[in-house]
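Work through these exercises with the sequence and the model open. Try each task before you read its solution.

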Amino acid sequence: MRNAIGDDDASAVATAVDMLMPELIDGLSRLAAIPSVSAPDFPLKPLEDAYTDVVRLLESAGLDVTELRVEGKRAPVAIGRAAGPAGAPTVLFYTHYDVVPAGDEALWRTPAFTPTERDGQIAGRGVADSKANILAIVGALRVFGGVFPVNVTVIIEGQEEIGSPFDLYPLSHPELFASDAMVIADVGSLRVGAPTLTVALRGSAEVHLEVRTLAGDKHSGQFGGAAPDARIALMHALATLHDEHGDVAVPGLRRERWAGEAYTDEEFRALSETLAGIPLQGTGGLGERIWSGPAITVTGFDAPPTTAPMNAVAAHAKATLNLRVHPRQDAHEAQQALIAHLRAQRPFGIPLTVTAGEAGNGVAVRTEGAAFDAAKAALTSAWGREPVLAAGGGSIPIVLALADGLPDSEQVMFGATDSFAQIHAPNERVLISELRSATLACALFLTEFAARSAQ
């Protein structure tokens, strides 16, 4: 792939990034030591401390920073801006500084909020999701010494993990996000050393179902066998959601072959920690099972725990389902298809009450244009090999909001982490080599996009 900038220029940028790496590693360790958990039952001060450190980092890269507080949200948003040459395009970077809780500290090899560098990696909660991306952006901007080839906007929020303030905000405030290209740095590579452009994210919908059969629970010895058991009826309804192979069996849910890169079965078994001898669920390629096809998961089921069983016929049962939706299918349409399927079930002649929960569309970004071409060239230079195209099974609400609010702005998604980084799990880590490559890619993207936009 031919770059719009010369090899000598790319080499100079790489040298500058290499010189910056020690301070970027120090900056990541300092930021990751702040337990900026955004969950509502955690203290606010660490979020404020992390925000303050993010502001310092952005200012050190030559940006003017303003604070945004969105009504109803407690964590501040840092917005950094810097002007490029007259007539230059604008690039927006987005990521977040909040993290999920550490979980069971006993499962961590080193303390979650004591970032530890060892064997070419940094371990700690939030280093991969998504504080390494903050430092990659900051490092890329520092390369230019305050003289940028494009206009730059950086938006770093502190509540992405529990309900972003930007779920709808870009629709009513598009001027805040005005740009020609956006780099969404809340993703990473499919595997270590394999630069990846994420080009699609599945949508998500929630469905609740409920069964009532008796006025109250009844003794299983006296009534079992004739009294209708709500819990058994509910399980029969749930069993209709998949066929004998584990594929989703609900009509109206979109599924297509995935044409991009995907995990091997061995990689996916390792990532999912599937036990030896247990087959993976479903048929067809992994890409279509986890990215371009639906998935239905029982995320809640009311029942007594096995540690306290009750010898009773259940009068009432309830479950909550999470439906993951093809990136190009309307999530509400898919949700209604699932609801219609469940309402049609009559296990033992018993009707179900089915209601809709929240739903949010997925997104598929454009894979042509100056920004996409610039990103491919930048990642090729940074990693030394052409990027693969992959998707994400999870949701990043701001991506859809930005796509809807600014349809003419190109989006590209890449970052400093990889699929084996243990995001949201014990022993989260980021590889220093991946941080270096992502930093270089961000810097090269700015020069590549500026050059291609001028052509």
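**Exercise 1. A salt bridge between a loop and a helix**

Is Glu48 buried, partly exposed or exposed?

Solution. Start with the model: it is predicted, local features need pLDDT of at least 70, side-chain atom pairs count only at pLDDT 80 or more, and totals for chains, interfaces and linings use all residues. Residues are numbered from 1 along each chain as its sequence is written, and side-chain values use heavy atoms, with hydrogens and water left out.

Step 1. Take the cut-offs: buried means under 20% relative accessible area, exposed over 50%, and partly exposed in between (1.4 Å probe, protein chains only).

Step 2. Glu48 has 23% relative accessibility, so Glu48 counts as partly exposed.

Step 3. Find the partner. The side chain of Glu48 forms a salt bridge with that of Arg69, at 3.0 Å from N to O. A salt bridge here is a side-chain nitrogen of Lys or Arg within 4 Å of a carboxyl oxygen of Asp or Glu.

Step 4. Glu48 sits in helix H2 (residues 45-60) and Arg69 in the loop between strand E1 (64-68) and strand E2 (77-82), so the pair ties together parts that are 21 residues apart in sequence. Helices (H or I, at least four residues) and strands (E, at least two) are DSSP runs, numbered from the N terminus.

Step 5. Check Arg69: at 43% relative accessibility, Arg69 is partly exposed.

**Exercise 2. Other salt bridges**

How many salt bridges does a search of the whole structure find? Work through some of them.

Solution. Step 1. The search finds 18 salt bridges.

Step 1. One of them joins Arg212 and Glu210, with the closest N and O atoms 3.3 Å apart. Arg212 is exposed, at 61% relative accessibility.

Step 2. Asp247 and Arg255 also meet in a salt bridge, at 3.3 Å from N to O. Asp247 is buried, with a relative accessible area of 10%, whereas Arg255 is partly exposed at 32%.

Step 3. Look for shared partners. Salt bridges of this kind join Arg30, Asp53 and Arg56 into one network.

**Exercise 3. A sheet and its helix**

What is the strand order of the open sheet of three strands?

Solution. Step 1. The order is E4-E5-E20, with antiparallel pairing. Two strands pair if DSSP finds at least two bridges between them.

Step 1. Strand E4 (116-118) and strand E20 (429-431) are the edge strands, since each pairs on one side only.

Step 2. Neighbouring strands are turned by 20° against each other on average, direction ignored.

Step 3. Three bridges join E4 to strand E5 (residues 121-123). In E5, Ile122 is the bridge partner of Glu117.

Step 4. Axes are lines fitted to C-alpha atoms, for helices over the stretch in contact, and angles run from 0 to 180 degrees between N-to-C directions.
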